[in-house]
Amino acid sequence: MFKNKFWEKAVALIKLSIKKVLLLPSLLYFKIANSNVECNICKFKANRFRSNDWHSYIICPNCGSEVRHRLLWATFEHINDFSLTKLIKNKSVLHFAPEKIIRLLLKKFAKNYKTADYFSEGYTYDNIDYYIDISNMYDIKDEFFDCVIACDVLEHVEDDTKAIKEVYRILKNGGYSIFTVPQRDNLKITYEDPLITNPDEREKAYGQFDHLRIYGDDFISLLESYSFKVFEIDENCFTKQIAERNVLFPPIKSEIKNVTNYRKVFIGLK
Ligand SMILES: [Zn+2]
């Protein structure tokens, strides 16, 4: 028993050391490059950003923004078809699971800005307008909003297809949905197993204890199958200079299973 544990630990340590050696070139590159980065949301400038359990140097030390938030904001700032003026300014906007860092800005620009969430353990948000489940928004009339934003929400929702249908229903014609979801690198088809219900098993299977699936490349077709015309925004939609400066991708790719190294913002036109 003791021997087994010892060898388990030794093997884990060797594996970790090998991984670190393999990562060394990119780490060195990052240090030598001495890149100056800037959060496009709060404008904080840093030599480099903070790390989290998944990635090195991706969190703004000032406002806590992550790659997906800055990618969304870069979309508003630099892509004319999906600018702040076109999608948010003087529009009615519904923001699910509203991240503090962008809700203040959106509120400033939108004509009618509402927040929504369906409370679950471990999450707290202040001043929510609608306590609703995104897959059953009975309180909201058809074609009511110009824009619905739900970043990293659908992976928590039991019936995500119902949620997408509901978002479509409450959007006006010509309105936009904005989604982000965790997508495992190189996973073609979304992985979901209804038999996995235990939080530990969910963490192992999908990367987080309260996720119900891990999305694959087919997420875009899922949105399209519910009549959205979908535009996929990633780091390649911006100049190299902007993508690097605003850290619109992880400077060092993570090797962790279920990690999302290539973040995308999905904009769906109704
Ligand atoms: Zn920031």
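So, how many of the 270 residues of the protein chain count as buried, as a percentage? It comes to 47%, with buried meaning under 20% relative accessible area, exposed over 50%, and partly exposed in between, using a 1.4 Å probe and protein chains only.

Quick housekeeping. This is a predicted model, where local features need pLDDT of at least 70 and side-chain atom pairs count only at pLDDT 80 or more, while totals for chains, interfaces and linings use all residues. Residues are numbered from 1 along each chain as its sequence is written, and side-chain values use heavy atoms, with hydrogens and water left out.

Okay, the overall picture. We've got eight helices and nine strands in the protein chain; those are DSSP runs numbered from the N terminus, H or I with at least four residues for helices, E with at least two for strands. Take contacts between residues at least 6 apart in sequence: 65% of them join residues at least 24 apart. Contact here means heavy atoms within 4.5 Å. The accessible surface is about 14900 Å², and carbon and sulfur atoms own 53% of that; the areas are Shrake-Rupley with a 1.4 Å probe, and for residues only the protein chains shown count as cover.

Now the sheet. Seven strands make an open sheet with mixed pairing, and the order reads β5-β4-β3-β6-β7-β9-β8. To count as paired, two strands need at least two bridges between them in DSSP. At the edges stand β5 (130–131) and β8 (229–233), each with a single partner strand, so one side of each has no neighbour in the sheet. Over on the β5 side, β4 and β5 pair in the parallel sense over two bridges, and D117 sits opposite Y131 in β5.

What lies across the sheet? α2 goes across β6, β7, β8 and β9, at about 45° to β9.

On to the cores. A nonpolar core is a set of buried Ala, Val, Leu, Ile, Met, Phe, Trp, Tyr and Cys residues joined through side-chain atoms within 4.5 Å. The largest one has 36 residues, and F76, I88 and I178 touch the most other members. Elements giving two or more residues to this core include α2 (67–78), α4 (100–109) and β7 (171–180). α2 contributes the largest share, five residues. Looking at F76, and not counting residues up to four places away in sequence, F76 touches F82, S83, L84, L87, I88, L106 and I178. There's also a second, separate core of 29 residues, with V148, A150, V181 and I220 among them.

Last stop, L171, in strand β7. L171 is buried, with a relative accessible area of 0%. F145 is 26 residues away along the chain, yet the C-alpha atoms of L171 and F145 are separated by 4.9 Å. Leaving aside neighbours within four places in sequence, the contacts of L171 include F145, V148, Y176, F228 and K270.

That's the tour, thanks.

Note on methods:
Axes fitted to C-alpha atoms, helices over the stretch in contact; angles between N-to-C directions.
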